[in-house]
Amino acid sequence: QNKPHRTMNTATDDQATLLVTAHPDDESMFFGPTVCQLLAQGEDCHLLCLSTGDYDGFGKQRCKELPKAWATLTQQHQARSWCKIIDHPLLPDNPSKQWNHEIISTLVHDYCVQNNISKVVTFDSYGVSGHANHIAVHYGVRLAAQRLVSIRFQFLDTCSTVGKYLGILPAFVSWLLVPLLALCSSTRFVEKSDQLSVTYGTTARQRVQIRNAMYCHQSQMVWFRYFYIWFSTYMYSNTLWHYQGDVSETPRRHTKETTVDA
């Protein structure tokens, strides 16, 4: 898949974010809140998926599912979005295979330069699930960051095992806040502390949108995925840490930005 698949074509400003993932469905399973909020802010959003997801032999089907899922995830926003899938023999979908960081770095670097990217988002060093391919993407992107000094980089915070499945609780709290926020002139609640990180919440409409994007990945919809869709924190909110160079990634205080429907 050498040419980016354009799913939206409405002109916007020059703010463009590149989301780098390892497999088809990562974008909906882990990064949905980020994509929804960036597009709602008017940014362009690009997806670079570094494998076809062929571990179980469904690679061709998953390559067809991903553009549909990306279109579903982005279609309600007036911003542009693109989707590109890499099929590289040295980047197979396999948790027992070590991906080459230099190859990842080159792919990310070249895409950023060719598409005027201003920010890159990907996994942190724990890869959310500990998947070796996710972790390799993180380190490959960090390697690219050494050459892309004018671009901002953000990494998705890995929750604790318990924290991964408490996502429905903050969503329930936001539903309780809706009547109160309807009395205010703004539908966005923002609590600021410092600039080490940002947390994106979701509206009820966006949560439905993210779930519908996941449903597009039919080859992956085994029984436990339905549990994940309703209870995982990553379906409701994302915390992204701003990369400060090769320093500690230990979570500290951060900027929280949660959006709810009025």
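The protein contains nine helices and ten strands, where helices (H or I, at least four residues) and strands (E, at least two) are DSSP runs numbered from the N terminus. The model is predicted: local features need pLDDT of at least 70, side-chain atom pairs count only at pLDDT 80 or more, and totals for chains, interfaces and linings use all residues. Residues are numbered from 1 along each chain as its sequence is written, and side-chain values use heavy atoms, with hydrogens and water left out.

The average pLDDT (the predictor's confidence in each residue, from 0 to 100) is 80 for the protein, and 73% of the residues score at least 70. In residues 5-12 the pLDDT is below 50, and this stretch has 27 contacts in the model beyond near neighbours in sequence, a contact being heavy atoms within 4.5 Å. The pLDDT is also below 50 over residues 248-262, a stretch with 59 contacts beyond near neighbours in sequence. Where pLDDT is low, the predicted coordinates should not be read in detail.

Of the 262 residues in the protein, 54% are buried. Buried means under 20% relative accessible area, exposed over 50%, and partly exposed in between (1.4 Å probe, protein chains only). Among contacts between residues at least 6 apart in sequence, 85% join residues at least 24 apart. The protein exposes about 12500 Å², of which carbon and sulfur atoms supply 55%; accessible areas come from the Shrake-Rupley method with a 1.4 Å probe, and for residues only the protein chains shown count as cover.

Strand β2 (residues 16-21) is largely enclosed by the rest of the structure, because six of its six residues are buried. In a regular strand the side chains alternate between the two faces of the sheet. In β2, Ala16, Leu18 and Val20 point one way, while Thr17, Leu19 and Thr21 point the other way, and all are buried. Two strands pair if DSSP finds at least two bridges between them. Strand β2 is joined by six bridges to strand β3 (residues 44-49), and the two run parallel. Within this pairing, Leu47 in β3 is the bridge partner of Leu19.

Strand β2 is also joined to β5, by three bridges in a parallel arrangement. Here Leu18 stands opposite Val120 in β5, and Leu19 stands opposite Val121. Strand β5 (residues 119-123) is mostly covered, with five of its five residues buried. Five bridges link β5 to strand β6 (residues 152-156), again running parallel; Arg152 in β6 is the bridge partner of Lys119.

Helix α2 (residues 32-40) is mostly covered as well, eight of its nine residues being buried. The buried residues in α2 are Gly32, Pro33, Thr34, Val35, Cys36, Gln37, Leu38 and Leu39. The helix is followed by Gly42, whose phi is positive, near 95°.

Cys83 lies in strand β4 (residues 81-85) and is buried, with a relative accessible area of 3%. The C-alpha atoms of Cys83 and Cys49 are separated by 7.8 Å, although these residues are 34 apart along the chain.

On the surface, Val222, Trp223 and Phe224 form a nonpolar patch with about 360 Å² of accessible area together. Patches are made of residues with over 30% relative accessible area and no salt bridge, with like charges joined within 9 Å and nonpolar side chains (Val, Leu, Ile, Met, Phe, Trp, Tyr) within 5 Å. A salt bridge is a side-chain nitrogen of Lys or Arg within 4 Å of a carboxyl oxygen of Asp or Glu. Val222 is in the loop between α8 (204-215) and α9 (223-231), and is partly exposed, with a relative accessible area of 37%.
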